[in-house]
Amino acid sequence: MSTSTTQYAHGNGPKHWWKSGWATKKGKMGIKSQQRWLQLRHYVIFYYDEEKKGYNSWGRPENEIEEPDDEMKDTSLLDKLPGLPEIQFPSLPNLPSLPDMPDMPDMPSLKMPDMPDMPSLKAPSMADLKKMKMPSMPKRKERHPGGPYGRIQMHGAQVRQDGKTVKLTNCRHTKIYKDSTEQEDNASFTFTFDNEDEAYSWLVSMAYGGATRD
């Protein structure tokens, strides 16, 4: 937890509208943990495999009220990625749920016709099997060179700190590829930072952007 003696690299408090820096992203399903550059744009976090400039606003005390400038208020800039083509993302915050579907009327019972006798099937010989072509493995999706690997939405997510580690759960996550995006709901992420004060600053800043603190 932050104390009055904490020295902040950008400002005089832990709360940032924009924030960026390195973290170790915990791997899943056999994938090893990796260093990722996090870029908090208040409402969302983009994460990269290389450092990016900018996105470090003045850090403020938690109880200080901030008046965002016009650039901060302009949500159209959230998903602008310099050097990359326009990428379609879901709107913010969470999309509204679909209305309930009306009950379907009872369907009349249907009598299926008798099936004719099926011809006997002959198993292929080993020679035939050798001639068969095995399906190729699906091609791994390409990433944008220098682009983000994904976008994590703060609204609707839950965040908590444990020492140098910050865990995000119930996230709306967008995986970003060169030719497409994939949406993932109820995603979770675990990030480890250099020290507890830096982890606390990320906790406070994520909550500032819309995440709920556990």
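Two strands are said to pair if DSSP finds at least two bridges between them. Strands (E, at least two residues) and helices (H or I, at least four) are DSSP runs, numbered from the N terminus. In these terms, the bridge partner of Val159 in strand β6 is Leu168.

**Basis and confidence**

The model is predicted: local features need pLDDT of at least 70, side-chain atom pairs count only at pLDDT 80 or more, and totals for chains, interfaces and linings use all residues. Residues are numbered from 1 along each chain as its sequence is written, and side-chain values use heavy atoms, with hydrogens and water left out.

The pLDDT, the predictor's confidence in each residue from 0 to 100, averages 82 over the protein chain. A score of at least 70 is reached by 72% of the residues. The pLDDT falls below 50 over residues 95–104, a stretch with 2 contacts in the model beyond near neighbours in sequence; contact means heavy atoms within 4.5 Å.

**Strand pairing around β5**

Strands β5 and β6 run antiparallel and are joined by 5 bridges. Their hairpin has 2 residues between the strands, and Gly163 takes a positive phi near 65 degrees there. Strand β5 also pairs with β8 (residues 212–213), in the parallel sense and over 2 bridges. In β8, Thr212 stands opposite Gln158.

**Nonpolar cores**

A nonpolar core is a set of buried Ala, Val, Leu, Ile, Met, Phe, Trp, Tyr and Cys residues joined through side-chain atoms within 4.5 Å. Buried means under 20% relative accessible area, exposed over 50%, and partly exposed in between (1.4 Å probe, protein chains only). The largest core has 24 residues, and Ile152 and Leu168 have the most contacts inside it. Elements giving two or more residues to this core are β2 (34–41), β3 (44–48), β6 (165–176), β7 (181–192) and α3 (196–208). Helix α3 supplies the largest share, 6 residues.

Leaving aside neighbours within four places in sequence, Ile152 is in contact with residues including Tyr43, Ile45, Leu168, Cys171, Phe189 and Phe191. A second, separate core of 9 residues includes Val44, Phe46, Leu81 and Ile176.

**The surroundings of Tyr149**

Tyr149 is placed in the loop between α2 and β4 (150–153). Its C-alpha atom is separated by 6.2 Å from that of Lys175, 26 residues apart along the chain. The side chains of Tyr149 and Asp49 are joined by a polar contact of 3.0 Å. Such a contact is a pair of N or O atoms within 3.5 Å; within protein, one must be able to donate a hydrogen and the other to accept it, and residues adjacent in sequence count only if both atoms are side-chain atoms.

**Salt bridges**

The structure holds 10 salt bridges, each a side-chain nitrogen of Lys or Arg within 4 Å of a carboxyl oxygen of Asp or Glu. Three of them are tabulated below.

| Salt bridge | Closest N and O atoms |
|---|---|
| Glu50 and Lys52 | 3.0 Å |
| Arg60 and Glu66 | 3.3 Å |
| Arg151 and Asp79 | 3.0 Å |

Arg151 lies in strand β4 and Asp79 in the loop between α1 (70–73) and α2, so this pair ties together parts that are 72 residues apart in sequence. Arg151 counts as buried at 1% relative accessibility, whereas Asp79, at 21%, counts as partly exposed.
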